Amino acid sequence: MRGFLMPIRLTILAVTASFALLASLVSTHADDKAAAAVASQDNGKYADKEGNPTFKIQEDGTVDWYTYSGYRRFNSECNVCHGADGAGSSFAPALANSLKTMTYADFLSIVAEGRKNLSAGNEKVMPAFGENKNVYCYMDDLYVYLRARAVGDLPRGRPAKKEDKPEAAKEAETSCMGG
């Protein structure tokens, strides 16, 4: 009986080690209100303590320009697949949920390069937007809008109030769009 149990124990150890390895490879990034808190500001652009773009929503509901711009860009380029306000659809996932566990770098990579998810006969493909100026010139805007939605600070729908467009945003837009 003892000889019979040894292969079972080795199999259990191998499976356990495989799960541990898999768990270590899976991103443990978790975004929430505390992680998204504003730590710095530069010309109307806000960043968290890690230096990633973030949003600022004032007590009266006024959003920063970049969050508002992200809302506009999302609704002109992304909502067809990802649903209104990033709530998802049968074509693509709810980005308002995905950004809870997605890093800023992962977001940029997926938007620029695209992504394929081929599982159980359910093929989903996100096209690359790395050459679409209406997307890549506003990647940070899209990110902060979706991040605000993901952590629950921004309700669905068009933000009622917004900050004025900073001069730096006008210059970056002109530079990127080639105007």
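Which elements each supply at least two residues of the lining of the largest pocket? They are α3 (79–82), α4 (95–98), α5, β5 (115–119), β6 (122–126) and α7. This is a predicted model, in which local features need pLDDT of at least 70, side-chain atom pairs count only at pLDDT 80 or more, and totals for chains, interfaces and linings use all residues. Residues are numbered from 1 along each chain as its sequence is written, and side-chain values use heavy atoms, with hydrogens and water left out.

**Confidence**
- The average pLDDT (the predictor's confidence in each residue, from 0 to 100) is 82, and 82% of the residues score at least 70.
- Residues 4–27 have pLDDT below 50, and beyond near neighbours in sequence this stretch has 2 contacts (heavy atoms within 4.5 Å) in the model.
- Where pLDDT is low, the predicted coordinates should not be read in detail.

**Overall make-up**
- The protein has 8 helices and 7 strands; these are DSSP runs (helices H or I, at least four residues; strands E, at least two), numbered from the N terminus.
- Of the 179 residues, 33% are buried, meaning under 20% relative accessible area with a 1.4 Å probe, protein chains only.

**The largest pocket**
- Its volume is about 640 Å³, taken as the space filled by probe spheres set on grid points joined across faces, edges and corners.
- A pocket here is an open set of points on a 1 Å grid over the protein atoms alone, where a 1.4 Å probe fits, with protein on both sides within 12 Å along at least five of seven lines; lining residues have an atom within 4 Å of a point.
- There are 27 lining residues, and H82, P93, L95, I110 and M126 are the closest to the centre.
- Helix α5 gives the largest share of the lining, 4 residues.

**The largest nonpolar core**
- This core (buried Ala, Val, Leu, Ile, Met, Phe, Trp, Tyr and Cys residues joined through side-chain atoms within 4.5 Å) has 28 residues, and F74, L99, F107 and L146 have the most contacts inside it.
- Two or more residues come from each of α2 (65–77), α5 (104–113) and α7 (139–150), with α7 giving the most, 8 residues.
- Leaving out residues up to four places away in sequence, L146 touches F74, G86, L95, L99 and F107.

**Around Y71**
- Y71 lies in helix α2 and is buried, with a relative accessible area of 12%.
- Y71 and L146 are 75 residues apart along the chain, yet their C-alpha atoms are separated by 8.1 Å.
- Not counting residues up to four places away in sequence, Y71 touches D85, Y145, G157, R158 and P159.

Definitions and conventions: Buried < 20%, exposed > 50% of the residue type's maximum accessible area, 1.4 Å probe, protein only.
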